Each structure stands twice: as structure tokens, then as C-alpha cells.
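Please look at the sequence and the structure together before reading on. The paragraphs below move from a charged pair to the packing of the helices and then to the nonpolar cores.

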Amino acid sequence: MKLPNIDCARHIRDGGIDAMAALNEALRDALVSLDLEDQQRLKRVFGEVMAEVSEKIINPAISAFPELDPDETTWAAVVRATAKARSYAA
């Protein structure tokens, strides 16, 4: 995927980070009522999906613009900002 500029890449990266956070939250909530075997299956499926989000969405944005490589603080800030923006949009 060719990204035309850093702003486009940042939106794509941030969308991917937001998707990862949403998947992580959904998984955490879904695991509560499952037995261990079903938990392991669900974790595997979510892991595969999250790997795809990382590989196909987040990593291309960072490859195109290495300065967008997020540290933990940036990752958390993106999660907070995108969740806040979505809550205002609803």
C-alpha cells in the first residue's frame, strides 16, 4: 500500500491501533464466561486477527513513515484519543 503523506499514514496507524484496542477489550470481556479450552481457541482467533491488523494496517504506515513508530506512551494516547473521538461522534 502506497501512502501519499504522513497525515494519511497517521490516520491509518491510529485506526489500526484503535481496532487493536477494541479487539483486546472485546476479547477480555468475552473470556469471562468461557471454559479454558474455549478461551484458548478464542485467544488464538483474536491473535490471528490482531496480527493481520498489525501486518496490513499499522506496519505499512510505520514502514512508509518510520517517525510514526509508536512507543507505549504514544500507543496509549492514540487509544484514549480515538475512543474519545468515537464517543463524541455517537
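With which residue does Asp14 form a salt bridge? The partner of Asp14 is Arg13, and their closest N and O atoms are 2.8 Å apart, a salt bridge being a side-chain nitrogen of Lys or Arg within 4 Å of a carboxyl oxygen of Asp or Glu. Both Asp14 and Arg13 are buried, where buried means under 20% relative accessible area, exposed means over 50%, and partly exposed lies in between, as computed with a 1.4 Å probe on protein chains only. This is a predicted model, in which local features need pLDDT of at least 70 and side-chain atom pairs count only at pLDDT 80 or more, whereas totals for chains, interfaces and linings use all residues. Residues are numbered from 1 along each chain as its sequence is written, and side-chain values use heavy atoms, with hydrogens and water left out.

The structure holds six salt bridges. One of them joins the side chains of Asp7 and Arg10, at 3.3 Å from N to O; these two residues lie three residues apart in helix α1, about one turn of the helix, where helices (H or I, at least four residues) and strands (E, at least two) are DSSP runs numbered from the N terminus. Asp7 is partly exposed, with a relative accessible area of 47%, and Arg10 is also partly exposed, at 33%. In helix α2, Glu37 forms a salt bridge with Arg41, the closest N and O atoms being 2.2 Å apart, and these residues are separated by about one helical turn because they are four residues apart in that helix. Glu37 has a relative accessible area of 47% and is partly exposed, as is Arg41 at 42%. Salt bridges that share partners join Glu37, Asp38 and Arg41 into one network. Side chains of opposite charge can pair when their charged atoms come close.

On the α1 side the contact (heavy atoms within 4.5 Å) includes Arg13 and Asp14, together with Ile17 and Met20, while α3 contributes residues including Trp75, Val78 and Arg86.

The largest nonpolar core has seven residues, namely Ile17, Met20, Met50, Val53, Ile58, Ile62 and Val78; such a core is a set of buried Ala, Val, Leu, Ile, Met, Phe, Trp, Tyr and Cys residues joined through side-chain atoms within 4.5 Å. Two or more residues of this core come from each of α1 (6-31) and α2 (36-64), and α2 gives the most, with four. Leaving aside its neighbours within four places in sequence, Met20 is in contact with Met50, Val53, Ser54, Ile58 and Trp75. A second, separate core of five residues includes Ala9, Ala61, Phe65 and Leu68. In soluble globular proteins, nonpolar side chains tend to be buried together.
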